[in-house]
Amino acid sequence: MPSLEVNIAPSHPTGLMLNNPVITASGTFGYGTEYAPIYDVNRLGAIAAKAVTLQPRTGNPMPRIVEVPGGMLNAIGLQNVGVEALIREKAPLWSRWDVPVIANVAGASLEEYVAIAELLDGVPGIAALELNISCPNVAHGLDFGTDPILAAEVTQAVSERSSLPLIVKLTPNVTDIRPVATAVTNAGAHALAIMNTLTGLAIDVEQKRPALATTTGGLSGPAVRSIALRLVYAVAPLVDVPIIGIGGIGTTEDALMFLMAGATAVQVGTASFYNHRAPLDIIAGLQAYCEREGLESIQEIIGAALPQMAEATAR
């Protein structure tokens, strides 16, 4: 049977090997415990838990989710239990699972990012950190992610204080994502997650006002897939760390496109809201694709659509 294993942190001393390249995206799968009664979460490649902050957050006022053509806008506002409760209540459950759980870390300052990273370091049940420098739904949520210098500073600071594999989640809300991607890679990121949501707006025409209480929110779902795919394709030749592709991935074909564009793994987010088995369906689809194509490993198709790979194949 073809292998679906991928290593999303090969430059880290211990690496981070996944049984398959399908990860559930932060903010769309809760803490994993919400889905555990529905299916065996250990079948997933990994779980990116919802963002954690230094202090508990109640999130933004309602309404904070609205459906739009091709996806949804959300302005949840990083509602979470806080890092101390996560360590006390969630991590012990994760430590009993076989699936790696990635902690998504959000902060309002460099000091907060570092403080959370230090508290999570060495906690059983936490396999890696995903540095969220790209949330558009809170004040100052994009301050770090849109500036290559600030992005590099927070990445380096966290990498120096944590022994865990470090993934940095990037925003598409920039003129050019490539300088930020190279900056955080040079600063110590072991992998990049591309991309977070796009800032969008919906209007309630009956109420004659924005549909979200916060006015704008993060656009996700199939509507953003082509944008995310373009960004992965643009960044992949420039960095020497794995990329985790995110954005509108709901089918096996979607996942294959991202892998061929240079991603080593993918995250499934909004699709889980309308098909809770979407991650498992994609895993099964990838296995079937490899068998049909006669591949020994899913890694054989990573970057297959990039120009240099196409040229090598043609020779």
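Helices (H or I, at least four residues) and strands (E, at least two) are DSSP runs, numbered from the N terminus. The model is predicted: local features need pLDDT of at least 70, side-chain atom pairs count only at pLDDT 80 or more, and totals for chains, interfaces and linings use all residues. Residues are numbered from 1 along each chain as its sequence is written, and side-chain values use heavy atoms, with hydrogens and water left out.

**Helix α2 and its cover**

Next, select α2, residues 110-120, and display Tyr113, Val114, Ile116, Ala117 and Leu120, the buried residues of this helix. Buried means under 20% relative accessible area, exposed over 50%, and partly exposed in between (1.4 Å probe, protein chains only). Viewed down the axis of α2, these buried residues fall within an arc of 165°, so they line one face of the helix. The arc is that of the directions from the helix axis to the C-beta atoms. The cover over the buried residues of α2 includes α1 (83-94), β7 (101-105), β8 (128-132) and α3 (148-161); contact here means heavy atoms within 4.5 Å.

The axes of α1 and α2 come within 10 Å and cross at roughly 20°, which makes α1 roughly parallel to α2. Axes are lines fitted to C-alpha atoms, for helices over the stretch in contact, and angles run from 0 to 180 degrees between N-to-C directions. Angles under 35 degrees count as roughly parallel, over 145 as roughly antiparallel, 65 to 115 as roughly perpendicular and the rest as oblique. The crossing of α1 and α2 is right-handed; a crossing is right-handed if the near helix is turned clockwise from the far one by less than a right angle, and left-handed if anticlockwise. Val83, Leu86 and Ile87 of α1 make the contact with Ile116, Leu119 and Leu120 of α2. By class, this contact of α1 with α2 has 6 nonpolar, no polar and no charged residues. Ala, Val, Leu, Ile, Met, Phe, Trp, Tyr, Cys and Pro count as nonpolar, Asp, Glu, Lys and Arg as charged, and the others, Gly among them, as polar.

Move to α5, residues 225-235, in which Ala228, Leu231, Val232 and Val235 are buried. They cover an arc of only 100° around the axis, which puts them on the same side of α5. Ser226 and Arg230, on the other side of α5, are exposed. The cover of the buried residues of α5 includes α4 (178-186), β10 (191-194), β15 (243-246) and α6.

Bring in α6 beside α5. These two helices pack at an angle of about 25°, with their axes 9 Å apart, and this makes α5 roughly parallel to α6. Arg225, Ala228, Leu229 and Val232 in α5 meet Asp254, Met257 and Phe258 in α6. The contact of α5 with α6 has 5 nonpolar, no polar and 2 charged residues.

Select Thr252, Ala255, Leu256, Leu259 and Met260 in α6, which meet Asp281, Ile282, Gly285, Leu286 and Tyr289 in α8. The residues of this contact divide into 7 nonpolar, 2 polar and 1 charged.

**Two buried residues**

Select glutamine 267, in strand β16 (residues 265-268). Glutamine 267 is buried, with a relative accessible area of 1%. Its C-alpha atom is separated by 5.1 Å from that of isoleucine 246, 21 residues apart along the chain. Leaving aside residues up to four places away in sequence, glutamine 267 touches residues including Ile23, Ala48, Glu130, Lys169 and Ile246.

Then select threonine 28, in the loop between β3 (22-24) and β4 (46-48). Threonine 28 counts as buried at 12% relative accessibility. Threonine 28 and serine 272 are 244 residues apart in sequence and 7.0 Å apart in space, C-alpha to C-alpha.

**Backbone stops**

In the loop between β4 and β5 (65-68), select proline 63. A cis peptide bond, with omega about -5°, joins methionine 62 and proline 63. The peptide bond from isoleucine 194 to methionine 195 is also cis, with omega near 20°.

Finish at lysine 208, in the loop between β12 (203-204) and β13 (209-210). Lysine 208 has a positive phi of about 60° although it is not a glycine, and counts as exposed at 70% relative accessibility.
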